[in-house]
Amino acid sequence: MKRLTDNGVYVLQYHFVTVTKYRVDLLTDEIAERIGEIASDISEDIDVNIQNVNGGSDHVHILFTAKPTTDLTKFINSLKGVTSRKIRDKNPEVRQALDKALWQPGYFLATTGQVSIDVLHEYVEEQ
């Protein structure tokens with residue numbers, strides 16, 4: 001639980017999913033791990049807490065918590081833009097397959113409601 005003010009508390013958990021452009025199978029375990037590292041770096045600047053990163057060869061799931069004042073659009077745009085640039089710069093095979101962007105323009109974002117973060121971790125791990 002997080003304290004918002006002296007009079008209130010909040011728990012905001014989110015499930016974010018994005019897919020590679022054209023659903024191309026490019027995400028190796030190493031690339032997924034690097035995406036998690038980049039996400040953690042970005043989250044520190046925006047005051048988001050990354051809980052879990054996982055996915056498949058063409059998509060990534062990220063569970064995170066945030067404050068009510070967090071600009072989620074800024075976080076997601078930074079996350080997608082920075083991971084796309086850094087992954088394509090360090091992985092020639094990705095840059096060759098997708099020269100302009102790693103991710104599709106859209107994404108999925110949902111609040112997780114009262115589901116425990118442990119249940120969500122298990123779900124993401126099984127993806």
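Figure 1. Helices (H or I, at least four residues) and strands (E, at least two) are DSSP runs, numbered from the N terminus. This is a predicted model, in which local features need pLDDT of at least 70 and side-chain atom pairs count only at pLDDT 80 or more, while totals for chains, interfaces and linings use all residues. Residues are numbered from 1 along each chain as its sequence is written, and side-chain values use heavy atoms, with hydrogens and water left out.

**Figure 2**

Figure 3. Strand 4 (residues 49-56) and strand 5 (residues 59-65) run antiparallel and are joined by 7 bridges. Asn-54 stands opposite His-61 of strand 5, and Gly-56 stands opposite His-59 of strand 5.

Figure 4. His-59, in strand 5, is buried at a relative accessible area of 15%; buried means under 20% relative accessible area, exposed over 50%, and partly exposed in between (1.4 Å probe, protein chains only). The side chains of His-59 and Asp-58 make a polar contact of 2.9 Å. A polar contact is a pair of N or O atoms within 3.5 Å; within protein, one must be able to donate a hydrogen and the other to accept it, and residues adjacent in sequence count only if both atoms are side-chain atoms. Between His-59 and Lys-21, 38 residues apart in sequence, the C-alpha to C-alpha distance is 9.5 Å.

**Figure 5. Salt bridges.** The structure holds 3 salt bridges, each a side-chain nitrogen of Lys or Arg within 4 Å of a carboxyl oxygen of Asp or Glu. One joins the side chains of Asp-58 and Arg-23 (2.9 Å, N to O). Asp-58 lies in the loop between strand 4 and strand 5 and Arg-23 in the loop between strand 3 and helix 1, so this pair ties together parts 35 residues apart in sequence. Asp-58 is buried at 14% relative accessibility, and Arg-23 is partly exposed at 45%. Another joins Lys-67 and Asp-47 (2.7 Å, N to O). Arg-34 also forms a salt bridge with Glu-37, with the closest N and O atoms 3.3 Å apart; both residues lie in helix 1, about one turn apart.

**Figure 6. Arg-88 in helix 2.** Arg-88 lies in helix 2 (residues 72-90). Arg-88 is buried but has no salt bridge, and the nearest side chain of opposite charge, that of Asp-89, is 5.6 Å away. For charge, Lys and Arg count as positive and Asp and Glu as negative; His and the chain ends are not counted. Leaving aside residues up to four places away in sequence, the contacts of Arg-88 include Val-94, Arg-95, Leu-98 and Asp-99.

Definitions and conventions: Contact means heavy atoms within 4.5 Å. Two strands pair if DSSP finds at least two bridges between them.
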